[in-house]
Amino acid sequence: MGLTRQATGFFTLQENFLPAGSNGYVVALAGNPNAGKSTVFNALTGLKQHTGNWPGKTVLQARGKFTHQGHSFTLVDLPGTYSLLASSVEEKVARDFICFGRPDVTVVVVDATCLERHLNLVLQVTEVTSKVVVCLNLMDEARRKKIVIDVSILASELGLPVVPTAARRGEGLTRLKDVITAVATGALQPTPNPIVYDDDIEAAVGRMAKALEPILRGRLNARWVALRLLEGDDSIIDAIKNFLDTELKSPGIKLQLKEVLA
């Protein structure tokens, strides 16, 4: 379960703000601004919430709890963000928690009335983790605008469970809890369809990922890191050093990491 990972060697972001002795599963709630993410958060957690700032940041952080089918969940409301490319403090916070906080499930809330724009974040998250649930929110607004979405085809194209909701009306929330529980417990294992880039990019990513794999040792998706480095996202270098340094004790490994990420 997500709150008992201290032995993995990760400096988990969970330890910074979750109460000592917490147990259960950790669920990250991500989404673009104005996708209704806060409404989903409030609907799932009710009054069982705590707010504050992320450690060392001025960005507001909220967490809440809910129980379902005999399981306890801590829901972490990530800052609204359009991507995980980390060009802002909010994006860095969201990226770092999904990558290094290692949530048991990441729920990405998307706006059913402008789905194409919101799927960008979904695809980026699936490059980090496969434990993703898509909350297709604002379905009531989509109906009002006569927008029809074939949920089964969308789920098949993404390789992910997709749950239609209208959170402010309470629609679909029980089903959303069912799916979160299934993914957290392993009863449902999403298999995101891989994103394939141009041949030149794939070749470069393959070479870099191969060099990174013995350094990351399964603690972070090497392909995703390679893509970030090819895009010039230097902030991922600092994040890797900050959050994975507890297991990079060998001077040789540290030197190799520096050379590969240079």
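**View 1. Arg-168 counts as exposed, at 54% relative accessibility.** Exposed is the class over 50% relative accessible area, buried is under 20%, and partly exposed is in between, with a 1.4 Å probe and protein chains only. The structure is a predicted model, in which local features need pLDDT of at least 70, side-chain atom pairs count only at pLDDT 80 or more, and totals for chains, interfaces and linings use all residues. Residues are numbered from 1 along each chain as its sequence is written, and side-chain values use heavy atoms, with hydrogens and water left out. Asp-140 counts as buried, at 11% relative accessibility. The side chains of Arg-168 and Asp-140 form a salt bridge at 3.3 Å, N to O. Arg-168 sits in the loop between β7 (162-164) and α7 (173-185) and Asp-140 in helix α5 (residues 139-144), so the pair ties together parts 28 residues apart in sequence. Helices (H or I, at least four residues) and strands (E, at least two) are DSSP runs, numbered from the N terminus. A network of salt bridges links Asp-140, Glu-141, Arg-144 and Arg-168.

**View 2. A salt bridge joins the side chains of Asp-77 and Lys-37 at 2.6 Å, N to O.** The pair links distant parts of the chain, with Asp-77 in strand β4 (residues 71-77) and Lys-37 in helix α2 (residues 37-45), 40 residues apart. Asp-77 and Lys-37 are both buried. A salt bridge here is a side-chain nitrogen of Lys or Arg within 4 Å of a carboxyl oxygen of Asp or Glu. Searching the whole structure gives nine salt bridges.

**View 3. Glu-202 and Arg-223 meet through their side chains in a salt bridge of 2.9 Å, N to O.** Glu-202 belongs to helix α8 (residues 199-216) and Arg-223 to helix α9 (residues 222-230); the pair links distant parts of the chain, 21 residues apart. Glu-202 counts as partly exposed at 21% relative accessibility. Arg-223 is also partly exposed, its relative accessible area being 28%.

**View 4. Tyr-25, Phe-66 and Phe-73 make up one aromatic cluster.** Rings of Phe, Tyr and Trp (its six-membered ring) pair if their centres lie within 6.5 Å; planes under 30 degrees apart count as stacked, over 60 as edge-to-face and the rest as tilted. Two aromatic pairs are found in a search of the whole structure. The ring centres of Phe-66 and Phe-73 are 4.9 Å apart and the planes are at 10°, so this pair is stacked. Phe-66 is buried, with 4% relative accessible area, and Phe-73 counts as buried at 1% relative accessibility.
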